Amino acid sequence: MLRLRSSTSPEWVELALRNMDEILIDHAHCEKKAASMAINLLFRYPEYLQLMRPLSELAREELRHFEQVLTILDGRGIQFRRQKPSTYAGRLVQNARNNEPERMLDIMLCACLIEARSCERMTILASELRSNEPELARFYRGLLACEARHHQIYVDLLDTIYPKNDVRERLEELSELEARVIAVPDAFPRFHS
Ligand SMILES: [Fe+2]
Ligand SMILES: [Fe+2]
């Protein structure tokens, strides 16, 4: 369903569970970045009217998630702060072609794959945290349904602009690349490390 070509390694799960504070701070940054990605698309492609409302709604939802994670940080006495970001999204987006209309297709498919990977990792965290951190597990269970929907929104929007086959073909290629990108971990614990 998520169109991912690889599963998260047990090493990441172990690292994340040992560093939940850092993961939660990064998670807050990720929600903010997801909102920013949708807003950037609103600025870059105003001629595609069909993108405006769904992406605006998506950005608002991501900002609400950002606020929810801030509340969780507060509740755990963790201060939100600047953090060295994971290199994952940057390395993935580097594969986007430079010329239009290919660029819009690639950027939106990268956004789709990032949402899918977030959803996959939230599913893992929801299940791993169930016994020791039931509240946090519940929070992740609530979010992952949204992230699965976000991943689908990008594909559905692209289907209104490009031939469906072109979207599927490029999605296949970029999922392969995403699997290679996520397989090279950062040296520090992050949501997408
Ligand atoms: Fe989100
Ligand atoms: Fe999302």
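Student: Is Tyr45 buried or exposed?
Tutor: The relative accessibility of Tyr45 is 4%. Buried means under 20% relative accessible area, exposed over 50% and partly exposed in between, with a 1.4 Å probe and protein chains only. Tyr45 therefore counts as buried.

Student: On what basis are such values given, and what kind of model is this?
Tutor: Residues are numbered from 1 along each chain as its sequence is written, while chains are lettered from A and ligands numbered from 1 in the order in which they are written. Side-chain values use heavy atoms, without hydrogens and water; local features need pLDDT of at least 70, side-chain atom pairs count only at pLDDT 80 or more, totals for chains, interfaces and linings use all residues, and the model is predicted.

Student: Which geometry relates the rings of Tyr45 and Tyr48?
Tutor: Rings of Phe, Tyr and Trp (its six-membered ring) pair if their centres lie within 6.5 Å; planes under 30 degrees apart count as stacked, over 60 as edge-to-face and the rest as tilted. By this rule there are five aromatic pairs. For Tyr45 and Tyr48 the centres are 6.4 Å apart and the planes stand at 65°, so the pair is edge-to-face.

Student: To which accessibility class does Tyr48 belong?
Tutor: The relative accessibility of Tyr48 is 25%. That value places Tyr48 in the class called partly exposed.

Student: Which charged residue sits over the ring of Trp12?
Tutor: Trp12 belongs to a cluster that ring pairs form with Phe139, Tyr140 and Phe191. A charge sits over a ring if NZ of Lys or CZ of Arg is within 6 Å of the ring centre and within 35 degrees of the ring normal. Over Trp12, at 4.3 Å from the ring centre, sits the charged end of Arg121.

Student: What is the geometry of the site of the iron ion (ligand 1)?
Tutor: Donors are N, O and S atoms within 2.8 Å of the metal (3.2 Å for Na, K and Ca), and water is not among the atoms, so sites may look incomplete. The iron ion (ligand 1) is coordinated at 2.0 to 2.3 Å by Glu31 (OE), Glu62 (OE), His65 (ND1) and Glu147 (OE). Four donors count as tetrahedral if all angles lie between 85 and 135 degrees. Here the angles among the four donor atoms run from 87 to 134°, and the site is tetrahedral.

Student: How are the donor residues of the iron ion (ligand 1) spaced in sequence?
Tutor: Glu31 in helix H2 (residues 20–44) and His65 in helix H3 (residues 49–75) are 34 residues apart, and the pair links distant parts of the chain. Both Glu31 and His65 are buried. The spacing of the donor residues is E-x30-E-x2-H-x81-E.

Student: How are the donor residues of the iron ion (ligand 2) spaced in sequence, and how many residues separate Glu115 from His150?
Tutor: Glu115 is buried at 6% relative accessible area, and His150 is buried at 0%. Glu115 lies in helix H5 and His150 in helix H6 (residues 134–159), so the pair ties together parts of the chain whose separation in sequence is 35 residues.

Student: Which form has the peptide bond from Glu100 to Pro101?
Tutor: Pro101 lies in the loop between helix H4 (88–93) and helix H5 (102–128). Most peptide bonds are trans. From Glu100 to Pro101, with omega near 5°, the bond is cis.

Student: Which residues does Pro85 touch?
Tutor: Pro85 is in the loop between H3 and H4 and is partly exposed at 46% relative accessibility. Contact means heavy atoms within 4.5 Å. Leaving aside residues up to four places away in sequence, Pro85 touches Lys33, Phe188 and Arg190.

Student: What is the radius of gyration of the protein chain?
Tutor: Helices (H or I, at least four residues) and strands (E, at least two) are DSSP runs, numbered from the N terminus; the chain has seven helices and zero strands. The globule rule, 2.2 Å times the number of residues to the power 0.38, is set against a radius taken over C-alpha atoms. For 193 residues the rule gives 16 Å, so the chain is as compact as a globular protein of that length, its radius of gyration being 16 Å.

Terms used
Four donors count as tetrahedral if all angles lie between 85 and 135 degrees; four count as square planar and six as octahedral if opposite donors are over 155 degrees apart and all others between 65 and 115; anything else is irregular.
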